[in-house]
Amino acid sequence: MSQDLFQAPDYYLLDELLSDEHKLVRDAAREWVKREVSPIIEDAAQKAEFPTQIINGLAEIGAFGPYIPEEYGGAGLDQISYGLIMQEIERGDSGVRSTASVQSSLVMYPIWKYGTEEQCKKYLPKLASGEFMGCFGLTEPDYGSNPSGMVTNFKDNGDHYLLNGAKMWISNAPFADIAIVWAKNEEGRIHGLIVERGMEGFTTPETHNKWSLRASATGELIFDNVKVPKENLLPKKSGLGAPLGCLDSARFGIAWGAIGAAMDCYDTALRYSKERIQFGKPIGAFQLQQKKLAEMITEITKAQLLAWRLGVLRNEGKATSAQISMAKRNNVQMAIEIAREARQMLGGMGITGEYSIMRHMMNLESVITYEGTHDIHLLITGLDVTGLNAFS
Ligand code: TGC
Ligand code: FAD
């Protein structure tokens with residue numbers, strides 16, 4: 001990839017809404033992405049490899065458990081800081097943000113919220129430092145949008161549980177040290193279990209041939225009579241609301257992350273439009289190109305305001321799941337449309353790895369699908385405003 005010249009757009013002076021701490025955290029993440037992610041990410045994506053060398057750096061910028069209390073190794077930050085970190089990381093690559101999202105909101109969050117004090121002490125500090133990496137198993141081959149139908153199950157077998165079933169499309173699975181696995185007990189109630197690599201009967205085959213999120217490792221989780229110690233059950237919450245509560249936190253991070261990908265595409269297209277000469281003038285001087293840029297910055301600004309307000313509501317404990325769905329859906333759609341327009345603005349150069357746009361565009365096809373598809377989030381909004389359930 002060419003040199004990273006990124007300059008963040010802030011059309012409505014949103015920096016004025018941020019505290020000094022927010023700006024410090026955001027700027028540290030921004031600098032780290034420029035220094036450590038931009039130079040290597042294109043190569044990692046081309047090779048379809050997760051760049052493990054960035055794990056320590058992610059931990060150092062507070063990307064693993066930004067809002068987890070410091071006593072457990074987290075950064076103890078607020079929700080807006082968390083969002084800003086996700087924005088900056090996804091400015092580099094959605095796959096890298098995925099790794100951080102999963103670690104923070106889908107692994108550390110359930111241990112912190114639903115686990116025992118012993119589980120918190122045992123796992124959270126190691127997850128915060130990157131010594132342990134985690135993954136989250138909800139989706140199954142036959143149950144994606146409707147996870148309540150899951151068939152993965154566990155039975156009481158004396159001094160341990162016996163776990164059977166399979167999960168697929170699991171980010172971080174191929175290298176994760178632990179997995180938070182959602183499975184039904186003998187009464188059909190969903191619970192979370194901490195499954196550790198090395199437990200007999202537990203395997204994590206990698207999913208190959210992805211055209212999207214190539215710098216993120218995806219895999220399956222297979223459980224063949226895995227003996228899970230009883231102390232590995234997360235005891236404080238059960239039912240589908242438990243995994244969905246984790247998704248609220250991750251979807252909030254994605255609503256911010258998508259802005260990062262969009263900002264990178266816009267900034268690249270803006271710079272290119274001033275440099276690329278056709279018909280004797282920069283292409284940015286043509287009205288059709290200006291329309292694209294004007295619409296991009298308008299949509300980015302609207303998405304920034306939505307994310308910021310949602311962050312305030314989350315800090316106050318007032319954000320609803322449906323509000324989070326709206327922001328995830330809107331901001332990812334905004335980002336994917338900007339990526340597509342920006343790619344066109346670069347002409348043939350837009351399809352090469354010299355620029356980040358095509359990689360963002362392909363990554364966003366996963367982002368618009370995982371953590372609830374675009375259509376599922378629309379139905380969540382529909383249910384919220386009408387009170388009528390279109391799912392069943
Ligand atoms: P429904 O009957 O509506 O709800 C079941 C129970 O859950 C409660 N609930 C929530 N709780 C917390 N947060 C939310 N967002 C919640 N939404 C619902 C609800 O109140 C109820 O509680 P209770 O006590 O009454 O039992 O469930 P449903 O079966 O009709 O399904 C609803 C639906 C479709 C909205 C939901 O299942 C859904 O969101 N589907 C999408 C699935 C999804 O998002 N999967 C994500 C997998 S993980 C992933 O993609 C990680 S990618 C990570 C990365 O790489 O970044
Ligand atoms: P389906 O549920 O089969 O949906 C197919 C289509 O039908 C979609 O367009 C959907 O919107 C539509 N549809 C479904 N139901 C309805 C309805 N009621 N009304 C209208 N339309 C409907 N999962 C995890 O648990 N952990 C992870 O770490 C994880 N990481 C992922 C990483 C990647 C790269 C990808 C691609 C996925 C990941 N997922 C993960 C899985 C992801 O959450 C699911 O792919 C997603 O929830 C959709 O499920 P599905 O693929 O089975 O699609």
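These legends accompany close-up views of the two ligands in a predicted model.

**Figure 1. Meet the neighbours of ligand 2.** There are 17 residues around ligand 2, and those that come nearest are Phe136, Thr139, Ser145, Trp169 and Thr373. By class, this shell holds eight nonpolar, seven polar and two charged residues.

**Figure 2. Polar contacts of ligand 2.** Look for the backbone of Phe136, where an N or O atom lies 2.9 Å from a nitrogen atom of the ligand. A polar backbone atom of Leu138 is 3.0 Å from an oxygen atom of ligand 2. The side chain of Thr373 also takes part, with an N or O atom 2.7 Å from an oxygen atom of ligand 2. On its own, ligand 2 has 970 Å² of accessible area, and the protein covers 66% of that.

**Figure 3. Where ligand 2 sits.** Ligand 2 takes up the space of the largest pocket. Strand E3 (160-171) and helix H10 (374-386) are the elements that each supply two or more residues to its shell. Domain 2 (134-234) and domain 3 (241-386) each provide at least three residues of the shell around ligand 2.

**Figure 4. A close look at ligand 1.** Ligand 1 is surrounded by 26 residues, with Ser171, Asp248, Arg251, Glu371 and Gly372 the closest. Eleven residues of this shell are nonpolar, eleven polar and four charged. Helix H6 (241-275) gives the most to the shell, with six residues.

**Figure 5. Polar contacts of ligand 1.** A polar backbone atom of Gly372 is 2.9 Å from an oxygen atom of ligand 1. In the side chain of Ser321, an N or O atom is 3.2 Å from a nitrogen atom of ligand 1. A polar side-chain atom of Ser148 lies 3.3 Å from an oxygen atom of ligand 1. The protein covers 69% of the 1100 Å² of accessible area that ligand 1 has on its own.

Note on methods. Residues are numbered from 1 along each chain as its sequence is written. Chains are lettered from A and ligands numbered from 1 in the order in which they are written. This is a predicted model: local features need pLDDT of at least 70, side-chain atom pairs count only at pLDDT 80 or more; totals for chains, interfaces and linings use all residues. Side-chain values use heavy atoms; hydrogens and water are left out. A residue is near a molecule or strand if one of its heavy atoms lies within 4 Å of it. A polar contact is a pair of N or O atoms within 3.5 Å; within protein, one must be able to donate a hydrogen and the other to accept it, and residues adjacent in sequence count only if both atoms are side-chain atoms. Accessible areas come from the Shrake-Rupley method with a 1.4 Å probe; for residues, only the protein chains shown count as cover. On a 1 Å grid over the protein atoms alone, a cavity is a set of points where a 1.4 Å probe fits but cannot get out, and a pocket is an open set with protein on both sides within 12 Å along at least five of seven lines; lining residues have an atom within 4 Å of a point. A molecule sits in a cavity or pocket if more than half of its atoms lie within 2 Å of its grid points. Helices (H or I, at least four residues) and strands (E, at least two) are DSSP runs, numbered from the N terminus. Ala, Val, Leu, Ile, Met, Phe, Trp, Tyr, Cys and Pro count as nonpolar, Asp, Glu, Lys and Arg as charged, and the others, Gly among them, as polar. Domain bounds come from an automatic or database domain assignment.
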